[in-house]
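Welcome! Let's take a walk through this structure together, starting from the inside and then turning to the helices.

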Amino acid sequence: MTRSPRPAAVVFDLDGTLLDTMILAPTAYTNTIRALGGPKVRPADIVATWHIGPTPTVLAHFLGRPASVDDIECFYHHFEVLGAHARPFPGVVDMVDALRRAGFRLGIFTSATRRAATLVLSAAGLDAHFPTVICGDEVAEPKPAPEGLRLACRRLGVSPAATTYVGDAEVDLRCAASAGTAAVHARWDGSTTAVEDAPMVADHPGDIVELLGGRVPADSRIGVLAE
């Protein structure tokens with residue numbers, strides 16, 4: 001395990017990284033697409049595609065037409081039922097608490113919409129832990145474009161160089177590289193595909209604390225932007 005120079009901030013992906021939603025969210029999509037008369041798709045098809053953008057973009061991709069307001073409401077009808085069962089991965093709450101005590105600024109950049117992210121963060125009891133949450137429907141370009149991650153850094157008052165992005169997917173690591181942050185590949189979800197050239201790897205949430213240094217660094221103000 002290679003330890004990173006200690007950053008001032010840590011930004012996380014949401015689904016499959018902080019929350020065990022990699023069955024719940026894709027199932028909401030497949031149920032919606034079926035209900036709207038779209039093709040038969042598997043949850044794995046959704047996971048392979050949802051980095052293309054937020055919910056309207058994903059629905060349009062599978063339906064073969066622009067998603068209407070009613071289509072999107074159909075998705076949220078399914079998602080709210082399933083999303084109410086969202087839970088953090090074991091060890092995530094302890095990891096977040098340790099990083100907060102150590103003085104790290106914490107944020108989230110997710111491809112999920114604001115409405116979806118708010119629902120699952122509240123259901124999982126993590127909504128109060130992250131003062132900065134950037135969602136896929138709030139940026140012009142999806143991952144791996146750097147826009148959302150750089151926006152999270154600005155909201156946290158730190159430079160990308162003083163930030164580490166933690167995510168479970170290859171697109172998260174590419175996003176970090178584009179934004180100029182360090183990256184950690186989170187592999188504690190059993191369905192995560194290994195990325196061979198990942199710069200840092202965490203097999204358990206507790207590994208993040210060890211990788212980044214779970215105490216307040218003496219130079220923690222380095223790279224922090226004027227507020």
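Which residues have the most contacts inside the largest nonpolar core? Keep in mind as we look that this is a predicted model. The largest nonpolar core holds 53 residues, and those with the most contacts inside it are Phe12, Leu18, Met95, Phe130 and Ile208. Take Phe12 as a guide: leaving aside neighbours within four places in sequence, its contacts include Leu18, Met95 and Phe130. Phe12 also touches Leu99, Leu106, Gly107, Ile108 and Phe109, among others. There is a second, separate core too, with 21 residues, including Ala152, Cys153, Tyr165 and Ala176.

Now for the helices. Two packed helices are described by the angle between their axes and the distance between the axes. Helix H5 (residues 92–101) and helix H9 (residues 205–212) have axes 7 Å apart, at an angle of about 25°. Angles under 35 degrees count as roughly parallel, so H5 and H9 are roughly parallel to each other. On the H5 side, Val92, Met95, Ala98 and Leu99 take part, meeting Pro205, Ile208 and Val209 of H9. By class, this contact has 7 nonpolar residues, no polar and no charged ones.

Helix H1 (residues 24–35) and helix H3 (residues 55–63) make another pair: their axes come within 11 Å and cross at roughly 50°. H1 and H3 are therefore oblique to each other, and their crossing is right-handed. Here Tyr29, Thr32 and Ile33 of H1 meet Thr55, Val58, Leu59, Phe62 and Leu63 of H3. The contact of H1 with H3 is made up of 6 nonpolar and 2 polar residues, with no charged ones.

Methods:
Residues are numbered from 1 along each chain as its sequence is written. This is a predicted model: local features need pLDDT of at least 70, side-chain atom pairs count only at pLDDT 80 or more; totals for chains, interfaces and linings use all residues. Side-chain values use heavy atoms; hydrogens and water are left out. A nonpolar core is a set of buried Ala, Val, Leu, Ile, Met, Phe, Trp, Tyr and Cys residues joined through side-chain atoms within 4.5 Å. Buried means under 20% relative accessible area, exposed over 50%, partly exposed in between (1.4 Å probe, protein chains only). Contact means heavy atoms within 4.5 Å. Axes are lines fitted to C-alpha atoms, for helices over the stretch in contact, and angles run from 0 to 180 degrees between N-to-C directions. Helices (H or I, at least four residues) and strands (E, at least two) are DSSP runs, numbered from the N terminus. Angles under 35 degrees count as roughly parallel, over 145 as roughly antiparallel, 65 to 115 as roughly perpendicular and the rest as oblique. A crossing is left-handed if the near helix is turned anticlockwise from the far one by less than a right angle, and right-handed if clockwise. Ala, Val, Leu, Ile, Met, Phe, Trp, Tyr, Cys and Pro count as nonpolar, Asp, Glu, Lys and Arg as charged, and the others, Gly among them, as polar.
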